[in-house]
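Work through these exercises with the model open. Each task is followed by a stepwise solution.

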Amino acid sequence: MNVYEKALRDLFGKSEELKDIKYTGRTCLARLDKDLRVKLQFVTTGTAGNYTAICASIINRTDGVVDKQTFRFRDMVPARAGSQAFGLQYPYIWEYNGNPEWYGQPLSTKEKQLVRDSILDYVEMYMEQDMAMPEQVM
């Protein structure tokens, strides 16, 4: 299991919203309902080899991409204290000489929850909802 797959499993592996999750490389795919899938993928946002975001794509299995959104770590988690030279820093995975690793420290449990909640809030907008209204008590 590589760093990306471990990070994706830590973030989404126990999610009740995502079904039949498959992992490969920097990507995981899951079923939302009969026709919709979600693809969650580590992506760069300007610097090659610095994976600073997760792109969530909602995919209709017959018609292709319905919508997609890029979630940058810096928008979801607070900055961390870095060295004097670099000041505040945000977490990301970087590849150096073909070896990916978290820059600084991996996401904390609290940071994982912030990232998971942000992305799953978006994904849930595309999931089938039970439209039945609860019965009112008179």
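**Exercise 1.** Is Arg61 buried, partly exposed or exposed, and what is its relative accessible area?

*Solution.* The model is predicted. Step 1: take the relative accessible area of Arg61, which is 48%. Step 2: apply the cut-offs, under 20% for buried and over 50% for exposed. Step 3: Arg61 is therefore partly exposed.

**Exercise 2.** Find the salt-bridge partner of Arg61 and say which parts of the chain the pair ties together.

*Solution.* Step 1: Arg61 forms a salt bridge with Asp35, with the closest N and O atoms 3.4 Å apart. Step 2: Asp35 sits in the loop between β2 (27-31) and β3 (36-44), and Arg61 in the loop between β4 (50-60) and β5 (64-72), so the bridge ties together parts 26 residues apart in sequence. Step 3: check Asp35 for accessibility. Its value is 28%, which counts as partly exposed.

**Exercise 3.** Describe the salt bridge of Asp10 and place it in its helix.

*Solution.* Step 1: the partner of Asp10 is Lys6, and their closest N and O atoms are 3.1 Å apart. Step 2: both residues belong to helix α1 (residues 3-12). They are 4 residues apart there, which means a separation of about one helical turn. Step 3: compare with the cut-offs. Asp10 has 33% relative accessibility and is partly exposed. Lys6 has 45% and is also partly exposed. Lys6, Asp10 and Lys112 are linked in a network of salt bridges.

**Exercise 4.** Characterise the bridge between Asp75 and Arg72, and state how many salt bridges the structure holds.

*Solution.* Step 1: the closest N and O atoms of Asp75 and Arg72 lie 3.1 Å apart. Step 2: Asp75 reaches 55% relative accessibility, so Asp75 counts as exposed. Step 3: Arg72 has 35% and counts as partly exposed. Step 4: the total for the structure is 7 salt bridges.

**Exercise 5.** Which residues touch the most other members of the largest nonpolar core, and which elements contribute to this core?

*Solution.* Step 1: the core has 32 residues, and Leu18 and Ile119 touch the most other members. Step 2: list the elements that give two or more residues. They are α1, β1 (19-24), β2, β3, β4, α2 (73-76) and α3 (109-124). Step 3: trace the contacts of Ile119. Leaving out residues up to four places away in sequence, Ile119 touches Phe12, Leu40, Ile54, Ala56, Phe71 and Met76.

Key. Residues numbered from 1 in each chain as written. Predicted model: local features only at pLDDT ≥ 70, side-chain atom pairs only at ≥ 80, totals over all residues. Heavy atoms only, no water. Salt bridge = Lys/Arg side-chain N within 4 Å of Asp/Glu carboxyl O. Buried < 20%, exposed > 50% of the residue type's maximum accessible area, 1.4 Å probe, protein only. Core = buried A, V, L, I, M, F, W, Y, C linked by side-chain atoms within 4.5 Å. Contact = heavy atoms within 4.5 Å.
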